Amino acid sequence: MSDTPHRHAELLTRLASQVKAEGKLPVYLQLRQALTGAIGDGVLEPGASLPAVRALASALGLAPNTVAKTYALLQDDGLTENRAGAGTRVRADSTAGQQSGLLELRRRVRELRAAGISDAELRAAVDEELTG
C-alpha cells in the first residue's frame, strides 16, 4: 500500500466501519483489531505509514490518546515501528504479517470459545485444516 491520501482514505473508510463506540470491546481494542486485520490482509503493506495520530483520531471521532494507545499496542505486538518525527509504519520485515495472522487466530479462538465451541472441536478443526 503506497502512502497516498487515496490509500489512507480507503483505510479510514475500513476503520470507520469496524470501530464503533457501542461495540463490546473498548474502542482502542477495536481499532487494534481493525489495524491488525488490515496488516494481515495486506491492506497495509510492510513499510506503509499509518495515518498520523491526530488525523486518525479526528477522522474517527476519537481522542488522540486513544489512537496513540492503539499504536503503542501495535508496536508491542511487533507489527509496527514508531520513529519520532517519522510517524508509525508497518514493520518492513515479513514477520509483521505472520504476527498479525497469529494474533487474529488467537482472537478468533477466544471468540469461538466464548460462543461455546469446545477445545476438542477447535483442535479437530485446526488439525483438519493442517492435514487436509
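Arg108 and Glu111 form a salt bridge, with their closest N and O atoms 2.5 Å apart. A salt bridge here is a side-chain nitrogen of Lys or Arg within 4 Å of a carboxyl oxygen of Asp or Glu. The model is predicted: local features need pLDDT of at least 70, side-chain atom pairs count only at pLDDT 80 or more, and totals for chains, interfaces and linings use all residues. Residues are numbered from 1 along each chain as its sequence is written, and side-chain values use heavy atoms, with hydrogens and water left out.

**The Arg108 network**

- Arg108 and Glu111 sit three residues apart in helix α5 (residues 95-114), so about one helical turn separates them.
- Salt bridges with shared partners join Arg107, Arg108 and Glu111 into one network.
- Arg108 is partly exposed, because its relative accessible area is 37%.
- Glu111 is also partly exposed, at 32% relative accessibility.
- The cut-offs are these: buried means under 20% relative accessible area, exposed means over 50%, and partly exposed lies in between (1.4 Å probe, protein chains only).

**Other salt bridges**

- The search of the whole structure finds five salt bridges.
- One of them joins the side chains of Asp77 and Arg32, at 2.7 Å from N to O.
- Asp77 counts as buried because its relative accessible area is 15%.
- Arg32 has a relative accessible area of 23%, so Arg32 is partly exposed.
- Arg83 forms a salt bridge with Glu81, and the closest N and O atoms are 2.9 Å apart.
- Both partners are partly exposed: Arg83 has a relative accessible area of 48%, and Glu81 has one of 27%.

**Overall layout**

- The chain has six helices and two strands.
- Helices (H or I, at least four residues) and strands (E, at least two) are DSSP runs, numbered from the N terminus.
- Along the sequence, the pattern reads α-α-α-α-β-β-α-α.
- The C-alpha atoms fill a box of roughly 50 × 35 × 25 Å, taken along the principal axes.
- Of the 132 residues in the chain, 29% are buried.
- Among contacts with a separation of 6 or more, 55% come from residues 24 or more positions apart.
- A contact means heavy atoms within 4.5 Å.

- Helix α2 covers residues 27-40, and Val27 lies in it.
- The 14 residues of α2 should span 20 Å at 1.5 Å a residue, and the end C-alpha atoms are 20 Å apart, which agrees.
- That expected span is 1.5 Å times one less than the number of residues in the helix.
- The buried residues of α2 include Val27, Leu31, Leu35 and Ile39.
- Gly42 follows α2 and has a positive phi, near 85°.
- The largest nonpolar core has 21 residues, and Leu15, Leu31, Leu35 and Leu44 touch the most other members.
- The elements giving two or more residues to this core are α1 (5-18), α2, α3 (53-60) and α4.
- Helix α2 gives the most to this core, with six residues.
- A nonpolar core is a set of buried Ala, Val, Leu, Ile, Met, Phe, Trp, Tyr and Cys residues joined through side-chain atoms within 4.5 Å.
- Leu15 touches Leu31, Ala34, Leu35, Leu56 and Leu60, not counting residues up to four places away in sequence.

- Thr70 is found in helix α4 (residues 64-76).
- Thr70 counts as buried because its relative accessibility is 0%.
- Beyond residues up to four places away in sequence, Thr70 touches Tyr28, Leu31, Arg32 and Leu35.
- Val27 and Thr70 are 43 residues apart along the chain, and their C-alpha atoms are separated by 9.2 Å.

- Strands β1 and β2 run antiparallel, joined by four bridges.
- Two strands pair if DSSP finds at least two bridges between them.
- Thr80 has Val90 in β2 as its bridge partner.
- The hairpin of β1 and β2 has three residues between the strands, and Gly85 takes a positive phi near 85° there.
- Strand β2 (residues 87-90) has a covered face, Thr88 and Val90, and an uncovered face, Gly87 and Arg89.
- In a regular strand, side chains alternate between the two faces of the sheet.
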